[in-house]
Amino acid sequence: MAATLPRKALFDLPEEVIYLDGNSLGPLPRGAAERAHEVMTSEWGRALIRAWNSADWMGLPKRVGDRIARLIGAPAGSVATGDTLSIKVYQALAAALAMRPDRRVILSDSGNFPSDLYMAQGLIRMLGKGHELRTPAPEAVAEAIGPEVAAVMLTHVDYRSGRMHDMAAITRRAHEAGAVMIWDLAHSAGAVPLDLAGCGAEFAAGCSYKYLNGGPGAPAFIHVRPDIVEEVEPALSGWMGHEAPFAMEPGYRPAMSTERLRVGTPPVIQLAVLDAALDAWEGVEMAAVRAASIELSELFIAEVEARCPSLRLASPRDPSARGSQVSFAFQHGYAAMQALIARGVIGDFRPPDLMRFGFTPLYLDRADVGRAAEILGEVIGSGAFRAPEYQVMGRVT
Ligand SMILES: *Cc1c(COP(=O)(O)O)cnc(C)c1O
């Protein structure tokens, strides 16, 4: 049965906070702390090493991967979990380049998240084969896909503006040009409906601490299109991606499944927390999440524009071209965000001047969003953001 939204009771949010930063770090799901406690005390504490079998710690990465698969429109068995998103991007890209040995171009875009670009730069240096990373403007990516492109590596929803690529159209274009398609779903998984199976991209990867609420440093995931698994050469050929880890063979033999993209020992406690967090998605259809997200973000834009003429919408106005976040450009954006946070409305800031707000219908309703816009209006209208304490930059913005 489809669940109605929001499901606020499933989250342990502070009373006085309106949380508009679930696109960066999802809140604590109820039950997650208890799950971690149980894994630590009863499984680790009492069963000790036996828990790898008795509590099936060994099967946990795959069980969690199957739950994520449903949310991204991918078949069960096609998603491996573990490590961090940066590592999963590296693995996907390394495998993609090996699949197109005669081509030398990695095509991304100038809006991509820095870590994805840094990983590509590091891989290019490591390979030493003269690969080139091209980063045209996001709007120009589709036309830039040519016969020299080995891999198209894009983040589906832009972390700054929320602008969303047309996944099906770009994937089709990449395939027509003979390139391998890699999607980064960091701002898409749990935010918008996805159809990985339908679009046929070879690889997709994402993190689980944003919309999926797996907690800080939660393990990442990677999807590989099932029919190409055996073509995927794992660049990080660790024992957990081996066909038979406990055979302890001297030579590497990749698992004959997506599991070949696992590397080392899984983070059992974080995976258990993520598994508990995914309970909040049970019975939830992404189409309902999307409808509610559009309603909330449209309301926010209208309310903010009515109250704050000095803020400029930096996200696409057409909701079908945006993910589940909205950004406003404002010259004093950093200070204004600090003033807003001091008043219990939590969003974040991205340079040069973006105030960023995430819309997460699992635990936000219209009243929250209306109230947040009202408080933002007060902060901007009163000039309260000019106070000296709001000008000091923290290490994390
Ligand atoms: C959040 C994010 C990351 C972060 O990568 P980690 O390895 O988890 O730190 C990478 N890429 C994109 C597009 C992101 O939004």
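**Aromatic pairs and a helix packing**

Reader: Why is tryptophan 57 called buried?
Author: Tryptophan 57 has a relative accessible area of 8%, and buried means under 20%, exposed over 50% and partly exposed in between (1.4 Å probe, protein chains only); tryptophan 57 is therefore buried. The model is predicted, with local features needing pLDDT of at least 70 and side-chain atom pairs pLDDT 80 or more, while totals for chains, interfaces and linings use all residues. Residues are numbered from 1 along each chain as its sequence is written, and side-chain values use heavy atoms, without hydrogens and water.

Reader: Why does tryptophan 52 count as partly exposed?
Author: The relative accessibility of tryptophan 52 is 22%, so this residue counts as partly exposed.

Reader: How many aromatic pairs are there, and what makes the pair of tryptophan 52 and tryptophan 57 edge-to-face?
Author: The count is 9 aromatic pairs (ring centres within 6.5 Å, the six-membered ring for Trp; planes under 30 degrees apart are stacked, over 60 edge-to-face, the rest tilted). In tryptophan 52 and tryptophan 57 the ring centres are 5.3 Å apart and the planes stand at 85 degrees, so the pair is edge-to-face.

Reader: Why is the pair of tyrosine 334 and phenylalanine 349 called edge-to-face?
Author: Their planes are at 80 degrees and their centres 5.4 Å apart, so this pair is edge-to-face. Tyrosine 334 lies in helix 11 and phenylalanine 349 in strand 12 (residues 348-350), 15 residues apart. Tyrosine 334 is buried at 8% relative accessibility, as is phenylalanine 349 at 5%.

Reader: What makes helix 11 and helix 12 oblique to each other?
Author: Helix 11 (residues 333-342) packs against helix 12 (residues 366-382) at an angle of about 130 degrees. Angles under 35 degrees are roughly parallel, over 145 roughly antiparallel, 65 to 115 roughly perpendicular and the rest oblique, so the two helices are oblique.

Conventions:
Axes are lines fitted to C-alpha atoms, for helices over the stretch in contact, and angles run from 0 to 180 degrees between N-to-C directions. Helices (H or I, at least four residues) and strands (E, at least two) are DSSP runs, numbered from the N terminus.
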